[in-house]
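Here are some notes for a colleague who is meeting this structure for the first time. Please read them with the sequence and the model side by side.

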Amino acid sequence: MHTLEKTDMTEPLLCIENMTTRFFAGKAPVTAVDNLSLELGREETLAIVGESGSGKSVTALSIMGLIPKSQGRVTRGSIRLKGQELIGLDKKAMTRIRGNRISMIFQEPMTSLNPVLTAGFQLMEVIQKHRHMDRQKARKEALHMLSLVGIPEPDSRLDAYPHQMSGGMRQRVMIAMALSCHPEIMIADEPTTALDVTIQAQILHLINQLKSRIGMSVILITHDLGVVAQTAQKVLVMYAGRVVEQAWVQDLFDHPVHPYTLGLFASLPKIKAKTRRLTPIRGMVPSLDKLPQGCAFQDRCDKVMDVCRKKQPPFVAVTPDHFSRCWCHESP
Amino acid sequence: MNSSVISRRIVQLILIMIGVSVVVFLMLRMIPGDPAQLLLGELASPEELAALRHDLGLDRSLLVQYTIFVKNMLAGDFGISMRTGTPVINEIIPRLAATVELSVAGMVIATVFGILAGILSAVYKNTVVDYTAMLSALVGVSMPVFWLGLMLIYVFAVHFQVMPMMGRMEMGTEMHAITGLVLVDALIHMDFAVFKDGLRHLVLPAVTLSTIPMAIIARITRSAMLEVMNQDYIRTARAKGMEESVVILRHALGNAFLPIITVLGINMGLLLGGAVLTETIFSWPGLGRYVVDSLMGRDYNAVQACILIFAVLMALINLGVDVMYAFLDPRIRVDGD
Amino acid sequence: MGRWDMLRDLLKNKNTVLGMVIVGCILFLAVFGPVLAPYDPFLPAPLDRLQLPSREHWLGTDSLGRDILTRIIYGSRISVMIGLVAVTISLVPGTVLGLLAGYFGKTLDAVIMRVMDVLLAFPAILMAVFIAAILGPSLVNTMIAVGIVYIPHYARIVRSSVLLLKEQLFVQSVSHMGGSHGRIIFSHILPNALAPIIVYATLGMGTAVLQAAALGFLGLGAQPPQPEWGAMLSEGRQYLQLAPHVAAFPGLAILLLVLGFNVFGDGLRDVLDPTLRT
């Protein structure tokens, strides 16, 4: 299907270099994502971890080209899908990529589906648009997708409205929509946060299973390190718009090095831990328009030094595939 | 759709109608001036006056008069017009058709252009397009329609002479009425000359009548669209790669219709009221002008009938809005299971 | 919100400022009309009939040769007064009925609101025409007719804000401490329900001016020779072909005043009660 575009086999599937996204709607312009670079290989799952306001969702919307023009835009850098530059791509070409080659599911299954259209219509709409099928064929394909994502009685669900379904069911419909055109990449923005714990596991399992079946890559955005361990190969930890640590998942879980990542691990409940006490990271994420000079994490960091308050820490390789943005790596 | 909701609405409607009939009946009797005197003039003898009062039933008690009135009304008998001596119902029906034709035309114009302006305003929020549309809408809601009508007549009928000044058809046009709606009848008779003539006569009054509802619809459409465009499902539609036009017309407008429909219903009443002024200006032979004339001539029976018909029309429109609302919103239409 | 913050917000809002300027100018004309107006508004001048706008008569003259600008200036007093009086006539009983219905609920609520429903079942202008016809055509009766028609609107708005406020904790705690109904209504509920009332009353001024002018136009309002804008327009209608300016200028004056009230009301709504957007 995608044989026409130039494919450069040396390029990874998705390559982002020095992407900066800024918002201009407020009183002062705000840098929501600062100089982010990442690479996503074929059939790889990359997790982006961070608290709300860390810029992880903005990263996803930037890739999709969905930052509202009235509010902000990607001001710098490059996003390449198989070598094709997405930044500055015209609207029409971008609509051929969205939902087709890169699709996305969202955190809120309750509100992400259009309440006045049936689930089937919303599903068929994507299929008709990107796969150029007629109604009959699209309906068949929609039926197939619904059963693929494990919806019982897909026949009757096709004509149901969103309000007639549970949250887990709606998220399955969202996933069916996202996968219906066999995308190369699916971005899942906190896909399980709004769901019950038992449903969460089912949905994650479903994403994993379909990923290998379709042969796509996944960018999983989450604040939950437990989810990361189960699904991802690569991890990016973001804080206040910047990547603070980047590593293979095993590496990060075995040897987290950035104080913020360490804090995230310390705040996880551990079943085997001797004490039941959790240690949350003290303080709050600074607001993006009031970032301090130097390291953004300084006010919450246990290991803060003088230099942290003066200069931005560099992003350094701790080991060849493990990067961290902290002054603590400079002074052994 | 839940049938108990509909039946409750119908009961409500009947109660309101009873209230309306009482109010109309009582208020008419409060109008100073004796209709018998008015009909016979100053020189009538007391005997003649008494005889006419008896004929008109004016010498009975109020309660008896009201009972007779309700009984007749339910039988479709609105009495004899005190001015013309013909049954009121015969005078009303052709005029009702004229008012319906004018109101529907006005509503179509108001809806189409109001929604269009509202969408453009929302899509191009805070641009020249938005400011122009919203300033026009503000002027529109402040518009004295009778003045607008006169100015349109001056510009198009007097100055440029491209539009007829008044009435529904050229004098002397004969057409057998089937529906009473000139445009529809002309189409049935395949008489395109009359159709064109009727359309030319309809344009100015319909535009005049549509101004205020159009402005209101534009404003509500804008705010409804702005609210809907912020919803998660709009982001989903964009993420699916839908063209922006599909996102706006299918996904956003589909949801924004709900508040718009509500406002449309409210404004249909405004439109019916506006018909009183518009029909007066354009000498449109409709119910609005007829009710004012009847009121001035103290034609009780005619006024009674007209006002009741207006109230019934408004109630039916409100009922229609409820049904339409339910039809457009699956959360009401389909019972969750 | 403090009083000064509110004033600052009002002055920062483009709509309120524009509305205040328009309404302020017309108020200025209304107050100082007799000093400013160049001619006598009633005295006919047969030699100057139906003159087009000129240096002597900026807006021309009417069918009796009277200066239209002068009559519009005098008419501004009538229109502003109609707005104020008519809104007061609907506001006071409407607010009282709404307070009673919302606060006491149950049967009283049902009775009041059903009566309001019946009144709302008529198109507004028709109801006003009807009442004006009963009372007889005059300026005072116009204000009464227009006032009565809008009573149900205020009753509904006040009732719905009372219902909201009644549920809020602070009113409940007052009534638990044993405050009398009167005290609760007037010192706790009414002040908090004022914002939508003020907004609606401002917009209502525009509506009242419009409806009163319509009655004047139909011959059911102020009678000649009073310089009421609607009646002036009606007079001018006969001379539309010869002298369109006779009808045009009074209509423009109506439009401007109503626009002023509407713009001001829109701005007030944005500042006072952002939830009231319709």
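Predicted model: local features only at pLDDT ≥ 70, side-chain atom pairs only at ≥ 80, totals over all residues.

1. In chain C, helix α4 (residues 106–120) packs with helix α7 (residues 151–167) at an angle of about 135°, and their axes are 9 Å apart. Since angles over 145 degrees would count as roughly antiparallel and those from 65 to 115 as roughly perpendicular, α4(C) and α7(C) are therefore described as oblique to each other. The crossing in which α4(C) passes α7(C) is left-handed.

2. The residues that meet in this pair can be found by name: from α4(C) they are I112(C), M116(C), L119(C) and L120(C), and from α7(C) they are P152(C), A155(C) and R156(C). By class, the contact of α4(C) with α7(C) has 6 nonpolar residues, no polar ones and 1 charged.

3. Turning to chain B, one finds a division into domain 1, which covers 3–74, and domain 2, which covers 93–328. The C-alpha centres of these two domains of chain B lie 32 Å apart, and their contact draws 13 residues from domain 1 and 11 residues from domain 2.

4. Which elements give two or more residues to the side of domain 1 of chain B that touches domain 2? They are α1 (3–30) and α2 (35–40) of chain B, and α1(B) gives the most, with 9 residues. When that side of domain 1 of chain B is sorted by class, it has 10 nonpolar, 2 polar and 1 charged residues.

Key. Residues numbered from 1 in each chain as written. Chains lettered and ligands numbered in written order. Axes fitted to C-alpha atoms, helices over the stretch in contact; angles between N-to-C directions. Helix = DSSP H or I, 4+ residues; strand = E, 2+ residues; numbered from the N terminus. Parallel < 35°, antiparallel > 145°, perpendicular 65-115°, else oblique. Left-handed = near helix turned anticlockwise from the far one by under 90°. Contact = placed C-beta atoms within 7 Å. Nonpolar A, V, L, I, M, F, W, Y, C, P; charged D, E, K, R; others polar. Domains from an automatic or database assignment.
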